[in-house]
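I opened a new notebook page for this one.

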Amino acid sequence: QVQLVESGGGLVQAGGSLRLSCTASGGAFSTYAMGWFRQAPGKERELIGAITKSGGSTYYADSVKDRFTISRDNAKNTVYLQIYSLKPEDTAVYYCGADPLLHTLVVVTTDNDKDLEVWGQGTRVTVSS
């Protein structure tokens with residue numbers, strides 16, 4: 001089973017961009033579909049999007065389309081989340097997750113019977129206005 005460590009969070013100004021990284025160790029990274037999630041203060045964790053094992057396809061939640069891009073580099077065991085035009089409402093803890101099934105990543109925040117095989121510990125992003 002892989003372990004996941006997110007990095008790249010911090011304090012940024014509204015309108016800026018940020019790239020988060022999630023690096024895996026201890027397992028076969030390319031056998032996992034990967035997802036990014038976030039949890040804002042006082043809110044439920046929400047899906048941002050997910051990427052297939054090969055990186056050939058991505059899925060994004062409707063609420064975040066156009067400003068978020070997920071990519072992965074299997075040679076570096078890393079998945080990325082690029083965020084553009086940051087807004088104060090993007091302030092949240094950002095998590096990556098791994099599961100053999102892309103479907104599980106897509107539904108985990110809405111299906112109480114599902115959980116991911118692996119979660120990262122999260123990285124905090126604070127956007128100032």
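**Entry 1: ground rules.** I call a residue buried when its relative accessible area is under 20%, exposed when it is over 50%, and partly exposed in between, using a 1.4 Å probe and protein chains only. By that rule, 45% of the 129 residues of the protein count as buried. I noted that this is a predicted model, where local features need pLDDT of at least 70, side-chain atom pairs count only at pLDDT 80 or more, and totals for chains, interfaces and linings use all residues. I number residues from 1 along each chain as its sequence is written, and side-chain values use heavy atoms, with hydrogens and water left out.

**Entry 2: the overall fold.** I looked up the elements next. Helices (H or I, at least four residues) and strands (E, at least two) are DSSP runs, numbered from the N terminus. The protein has 1 helix and 11 strands. From the N terminus on, I read them as β-β-β-β-β-β-β-β-β-α-β-β. The radius of gyration is 14 Å, close to the 14 Å that the globule rule gives for 129 residues, so the protein is as compact as a globular protein of that length. That radius is taken over C-alpha atoms, and the globule rule is 2.2 Å times the number of residues to the power 0.38. The C-alpha atoms fill a box of roughly 40 × 30 × 25 Å along the principal axes.

I then checked the surface. Accessible areas come from the Shrake-Rupley method with a 1.4 Å probe, and for residues only the protein chains shown count as cover. The protein exposes about 6,500 Å², and carbon and sulfur atoms supply 45% of it.

Contacts came last. Contact means heavy atoms within 4.5 Å. Among contacts between residues at least 6 apart in sequence, 59% join residues at least 24 apart.

**Entry 3: the salt bridges.** How many salt bridges are there? A salt bridge is a side-chain nitrogen of Lys or Arg within 4 Å of a carboxyl oxygen of Asp or Glu. By this rule I count 3.

I started from R38. It forms a salt bridge with E46, with the closest N and O atoms 2.6 Å apart. R38 is buried, at 10% relative accessible area. E46 is partly exposed, at 28%.

R38 also forms a salt bridge with D90, where the closest N and O atoms are 2.8 Å apart. R38 lies in strand β4 (residues 33-39) and D90 in the loop between β8 (78-83) and β9 (92-99), so the pair ties together parts that are 52 residues apart in sequence. D90 is buried, at 0% relative accessibility.

D90 forms a salt bridge with R67 as well, and here the closest N and O atoms are 2.8 Å apart. This pair links distant parts of the chain, since R67 sits in the loop between β6 (58-60) and β7 (68-73), 23 residues from D90. Both D90 and R67 are buried.

E6 is in strand β1 (residues 3-7). Its side chain reaches the backbone nitrogen of C96 at 2.8 Å. The backbone nitrogen of Q121 lies 3.0 Å from a polar atom of the E6 side chain. Leaving out residues up to four places away in sequence, E6 touches several residues, including S21, W36, Y94 and T123.

**Entry 4: S21.** I followed the contact to S21. S21 is in strand β3 (residues 18-25). It is buried, at 14% relative accessibility. Beyond its neighbours within four places in sequence, S21 is in contact with V5, E6, S7, W36, T78, V79 and Y80.

Entry 5: T58 is in strand β6. It is partly exposed, at 38% relative accessibility. T58 touches A50, I51 and I70, not counting residues up to four places away in sequence. K65 is in the loop between β6 and β7. It is partly exposed too, at 44% relative accessible area. K65 and I48 are 17 residues apart in sequence and 8.5 Å apart in space, C-alpha to C-alpha.

Methods
Polar contact = N/O pair within 3.5 Å; in protein donor to acceptor, adjacent residues only side chain to side chain.
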